[in-house]
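Hi,

Here is the structure I said I would pass on.

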2 protein chains.
Amino acid sequence: MKLLAMIPARLGSKRIPKKNIRILGDKPLIRYAIDLALASNEFDSVWVNSESEALGRIAVGAGVQFHKRPVELSSDTATNRDFTTEFLNTHDCDFLVMVNTTSPLLRMETLKAFCARVRENKHDTILSTLSERAEAFYHGKPLNFNTNEKLNSQELPPIDLVVWALTAWRRDTFLALQNSGKCPIFGGNIGIFDMRKDEACDLDTEEDWRIAEGLMAARCLNKRAQYYDI
Amino acid sequence: MKLLAMIPARLGSKRIPKKNIRILGDKPLIRYAIDLALASNEFDSVWVNSESEALGRIAVGAGVQFHKRPVELSSDTATNRDFTTEFLNTHDCDFLVMVNTTSPLLRMETLKAFCARVRENKHDTILSTLSERAEAFYHGKPLNFNTNEKLNSQELPPIDLVVWALTAWRRDTFLALQNSGKCPIFGGNIGIFDMRKDEACDLDTEEDWRIAEGLMAARCLNKRAQYYDI
């Protein structure tokens with residue numbers, strides 16, 4: 001089964017300016033996705049999909065491929081659907097795994113477990129999710145709990161939130177939907193892949209960047225618990 | 001309007017052992033809630049509600065009151081409802097604001113905004129929530145999105161998840177429900193108070209502790225963004 005990794009990256013990100021080249025820990029953000037995908041040995045090839053020659057040089061320097069996206073697919077209005085279609089039209093594979101640069105805390109074991117799910121070949125689309133067990137309100141109304149009763153959070157039905165850290169698409173299904181004018185992003189039989197909270201951070205705002213920075217620092221420290229002397 | 005702050009704290013926490021006296025940054029966890037509630041000047045009095053004399057000494061040493069909870073309300077099976085009822089039966093107020101020690105990242109401006117909501121006097125119960133704008137699955141089915149269409153996350157209807165960082169109850173409503181055998185936790189007219197993601201961390205697992213540690217480190221660092229030289 002042929003798996004390709006695609007790492008989409010723009011130089012002109014909006015909410016966190018130039019986030020892909022911003023230094024997190026000891027390297028630019030984009031290197032986390034590149035280094036992890038490459039070291040996993042799960043992929044026939046790993047591609048950075050970008051309009052930017054500068055990001056392309058980082059990709060090639062780090063040992064992966066550069067797919068230069070047409071400039072019209074790099075605007076703020078161009079969608080994931082657009083550039084993924086363009087990529088799949090020029091690259092053959094069974095499954096495409098999109099590794100987002102916005103989840104630098106992703107662990108190797110998680111990426112490998114995700115690829116194992118892909119290789120089970122049971123789904124056309126696999127979305128990474130975060131399972132939240134908390135009382136939830138939806139449109140202002142209780143969703144998964146009853147106000148007449150307080151349950152422990154473990155007893156509440158979870159809400160699974162898509163985090164876009166990892167996404168897999170079966171190429172055939174994706175392109176068939178796209179070619180028939182349908183939305184291919186949630187195509188066919190959808191599977192969800194539950195991730196750990198501390199690696200599912202999705203860098204979207206400056207606040208998220210601080211969380212990632214913090215997690216990174218804490219992971220490196222890995223210090224022993226200390227207690228107040230009572 | 002008379003507001004009391006109640007900080008519930010057990011010494012024998014389970015999932016993160018002895019978390020209330022575990023050192024986070026430069027002080028034991030429980031001190032974050034105590035110091036913030038006291039410095040806010042929002043409360044007629046601030047109480048640590050605990051079975052533990054040791055936590056009581058920390059409370060008194062930090063300048064707040066100690067409400068010694070009966071030992072039978074400190075077991076793993078005793079509920080928030082039980083110890084809050086016991087507290088309200090012995091303390092008069094208009095509203096009780098529960099400040100959980102599990103949200104050490106809470107900011108002063110947030111606590112003050114929450115208390116301002118309480119003083120509006122429009123709700124009987126106010127719950128702190130985190131607004132999540134992401135595609136959500138509930139019982140395995142898409143909840144707030146349609147698989148035929150990919151929207152930007154900002155366009156998705158949010159899911160508001162209760163975080164229990166701050167909770168306010170109108171004393172009269174709470175006790176009336178309790179005395180009539182009904183669940184008082186979600187009593188009367190419920191309001192939700194949206195919090196920022198980086199202060200809503202709810203310390204429940206070792207993973208959460210690492211997130212808090214990281215956020216704390218990142219807040220102190222507050223360093224300027226650095227970029228890879230392209």
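Let's start with a pair in chain A: A:Lys68 and A:Glu53 form a salt bridge, with their closest N and O atoms 3.0 Å apart. A:Lys68 sits in strand S5 (residues 65-68) and A:Glu53 in helix H2 (residues 53-61) of chain A, so the bridge ties together parts that are 15 residues apart in sequence. A:Lys68 is partly exposed, at 43% relative accessibility, and A:Glu53 is partly exposed too, at 41%. Before you go further, please keep in mind that this is a predicted model.

**Other salt bridges**

How many salt bridges turn up over all chains? A search of the whole structure gives 27. One of them joins A:Arg15 to A:Asp204, where the closest N and O atoms are 2.8 Å apart. A:Arg15 is in the loop between strand S1 (3-8) and strand S2 (23-24) of chain A, while A:Asp204 is in the loop between strand S11 (190-195) and helix H6 (206-221) of chain A, so this pair ties together parts that are 189 residues apart in sequence. A:Arg15 is partly exposed, with a relative accessible area of 43%, and A:Asp204 counts as partly exposed at 24%.

Then there is A:Glu199 with A:Arg107, a salt bridge whose closest N and O atoms are 3.8 Å apart. This one also links distant parts of the chain: A:Glu199 belongs to the loop between S11 and H6 of chain A, and A:Arg107 to the loop between strand S6 (95-99) and H4 of chain A, 92 residues away. Are these two partners buried or exposed? A:Glu199 counts as buried because its relative accessibility is 1%, under the 20% cut-off. A:Arg107 is buried as well, at 16%. Elsewhere in chain A, A:Lys27, A:Arg31 and A:Asp35 are joined into one network by salt bridges that share partners.

Not counting residues up to four places away in sequence, A:Thr110 touches A:Phe193, A:Met195 and A:Glu199. A:Thr110 is itself buried, at 9% relative accessibility.

**Helix H1, in both chains**

In chain B, helix H1 covers residues 29-40, which makes 12 residues. From first C-alpha to last it reaches 18 Å, close to the 16 Å expected at 1.5 Å a residue. Which residues of H1(B) are buried? They are B:Leu29, B:Ile30, B:Tyr32, B:Ala33, B:Ile34, B:Leu36, B:Ala37 and B:Ser40. Just after the helix, B:Asn41 takes a positive phi of about 60 degrees.

B:Ala62 gives you another way to look at this region. B:Ala62 lies in the loop between H2 and strand S5 (65-68) of chain B, and it touches B:Arg31, B:Ile34, B:Asp35 and B:Leu38, leaving out residues up to four places away in sequence. Along the chain, B:Ala62 and B:Asp35 are 27 residues apart, yet their C-alpha atoms are separated by 7.4 Å. At 13% relative accessibility, B:Ala62 counts as buried.

Over in chain A, A:Ala33 is in helix H1 (residues 29-40) and is buried, with a relative accessible area of 6%. Its contacts, leaving aside neighbours within four places in sequence, are A:Ile7, A:Val99, A:Asn100 and A:Thr101. A:Pro104 is 71 residues away from A:Ala33 in sequence but 6.5 Å away in space, C-alpha to C-alpha.

**Where the chains meet**

Here, 59 residues of chain B are in contact with 58 residues of chain A. Together the two chains bury about 5500 Å², and 67% of that is on carbon and sulfur atoms. Two salt bridges are counted between the chains. A:Lys197 forms a salt bridge with B:Asp208, with the closest N and O atoms 2.9 Å apart. There are also 12 residue pairs in polar contact between chain B and chain A.

On the side of chain B that touches chain A, the elements giving two or more residues include H2, S7, S8 and H6 of chain B. The largest share of that side comes from H6(B), with eight residues. Overall, the residues of this side divide into 32 nonpolar, nine polar and 18 charged.

Cheers

Terms used: Residues numbered from 1 in each chain as written. Chains lettered and ligands numbered in written order. Predicted model: local features only at pLDDT ≥ 70, side-chain atom pairs only at ≥ 80, totals over all residues. Heavy atoms only, no water. Helix = DSSP H or I, 4+ residues; strand = E, 2+ residues; numbered from the N terminus. Expected span 1.5 Å × (residues − 1). Buried < 20%, exposed > 50% of the residue type's maximum accessible area, 1.4 Å probe, protein only. Contact = heavy atoms within 4.5 Å. Buried area = accessible area lost by both parts, 1.4 Å probe. Salt bridge = Lys/Arg side-chain N within 4 Å of Asp/Glu carboxyl O. Polar contact = N/O pair within 3.5 Å; in protein donor to acceptor, adjacent residues only side chain to side chain. Nonpolar A, V, L, I, M, F, W, Y, C, P; charged D, E, K, R; others polar.
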